[in-house]
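Here is a quick walk through one protein chain and how its pieces pack. Have the sequence and the 3D view open as you read.

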Amino acid sequence: NDSITNRRSTRDGKKLETKEMKTKLTFLLALTFLFLFSGSSVVFGEDLQDGLDAYQKQDYKTAYKLWLPLAEQGNAKAQYNLGQMYSKGEGVPLNYKEAVKWYRLAAEQGNASAQLNLGNRYSNGQGVPQDYKEAVRLYRLSAEQGDAFAQFNLGTMYDQGEGVPQDDKEAVKWYRLSAEQGDASAQLNLGVMYSNGEGVPQDDKEALKWYSLSAEQGNAEEQY
């Protein structure tokens, strides 16, 4: 059989945060919202939520005004949200350097989504010099917290040998962790690995399983 090459590659995890939660196509954008169960003060929580309400109404300037003071006071969720706004040019001019500034502040506090998106800026050289090793370091921090997008991206870096030695077994490990969380792109890539016998014994039945799971989520490319 011909080798299958229609892998998906690294992408952003587009999540805006209001409150804390325990927890290969290039730059697939998925906008999700995380909700707080504990951690911030009531005032912080209310302002974060008010900012989200404004954001959902596409009132980006109001969202920015509500989140900026929180971010300046060190609130990691607000810092991450500002990074998102600068990355997308929503309510502010698109500015990757400013996005990196806010992502970094949130990432240094352990925010998994900020670690993921800061890694993407390093991977693409947006707002910082391109640095695959730093991207891998950040993806790993996020992936180890269970972020499915980061797990997928880390798998891709091992798959492509960017920032780390090429390693099919490590690629499979991270694709599997992401795929088991329901990530369609990871399911596709894991299917490719089984189909080609890369990092795992060649297994058409297992490949079909993962292709089917991915296709069920509506991704046309998985329906080979």
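## Overall layout

First things first: this is a predicted model. The protein chain has ten helices and two strands. Along the sequence the order is β-β-α-α-α-α-α-α-α-α-α-α, and of the 224 residues, 50% count as buried.

## The core

In soluble globular proteins, nonpolar side chains tend to be buried together. Here, the largest nonpolar core has 54 residues. The members that touch the most other members are W67, L82, M85, L118, L154 and L190.

Take M85 from that list. Leaving out residues up to four places away in sequence, M85 touches Y55, Y60, A63, Y64, W67, E90 and V92.

## Helices α6 and α7

Two packed helices are described by the angle between their axes and the distance between the axes. Helix α6 covers residues 132–143 and helix α7 covers residues 148–160. The crossing of α6 past α7 is left-handed.

Who does the touching? On the α6 side you'll find Y132, A135, V136, Y139, R140, S142 and A143; on the α7 side, A150, Q151, N153, L154, M157 and Y158. Sorted by class, this contact has nine nonpolar, three polar and one charged residues. L154 also turns up in the core list above.

## Helices α8 and α9

Further along come helix α8 (residues 168–179) and helix α9 (residues 184–196). Their axes come within 8 Å and cross at roughly 140 degrees, so α8 and α9 are oblique to each other. α8 passes α9 in a left-handed crossing.

From α8, the contact uses D168, A171, V172, Y175, R176, S178 and A179. From α9, A186, Q187, N189, L190, M193 and Y194 take part. The class count for this contact is eight nonpolar, three polar and two charged residues. L190 is another name from the core list.

## A loop residue with positive phi

Which residue has a positive phi although it is not a glycine? That's Q58, with a phi of about 65 degrees. Q58 lies in the loop between α1 (42–56) and α2 (60–72).

Is Q58 buried or exposed? With a relative accessible area of 60%, Q58 is exposed, because the cut-off for that is over 50%.

Definitions and conventions:
Residues are numbered from 1 along each chain as its sequence is written. This is a predicted model: local features need pLDDT of at least 70, side-chain atom pairs count only at pLDDT 80 or more; totals for chains, interfaces and linings use all residues. Side-chain values use heavy atoms; hydrogens and water are left out. A nonpolar core is a set of buried Ala, Val, Leu, Ile, Met, Phe, Trp, Tyr and Cys residues joined through side-chain atoms within 4.5 Å. Buried means under 20% relative accessible area, exposed over 50%, partly exposed in between (1.4 Å probe, protein chains only). Contact means heavy atoms within 4.5 Å. Axes are lines fitted to C-alpha atoms, for helices over the stretch in contact, and angles run from 0 to 180 degrees between N-to-C directions. Helices (H or I, at least four residues) and strands (E, at least two) are DSSP runs, numbered from the N terminus. Angles under 35 degrees count as roughly parallel, over 145 as roughly antiparallel, 65 to 115 as roughly perpendicular and the rest as oblique. A crossing is left-handed if the near helix is turned anticlockwise from the far one by less than a right angle, and right-handed if clockwise. Ala, Val, Leu, Ile, Met, Phe, Trp, Tyr, Cys and Pro count as nonpolar, Asp, Glu, Lys and Arg as charged, and the others, Gly among them, as polar.
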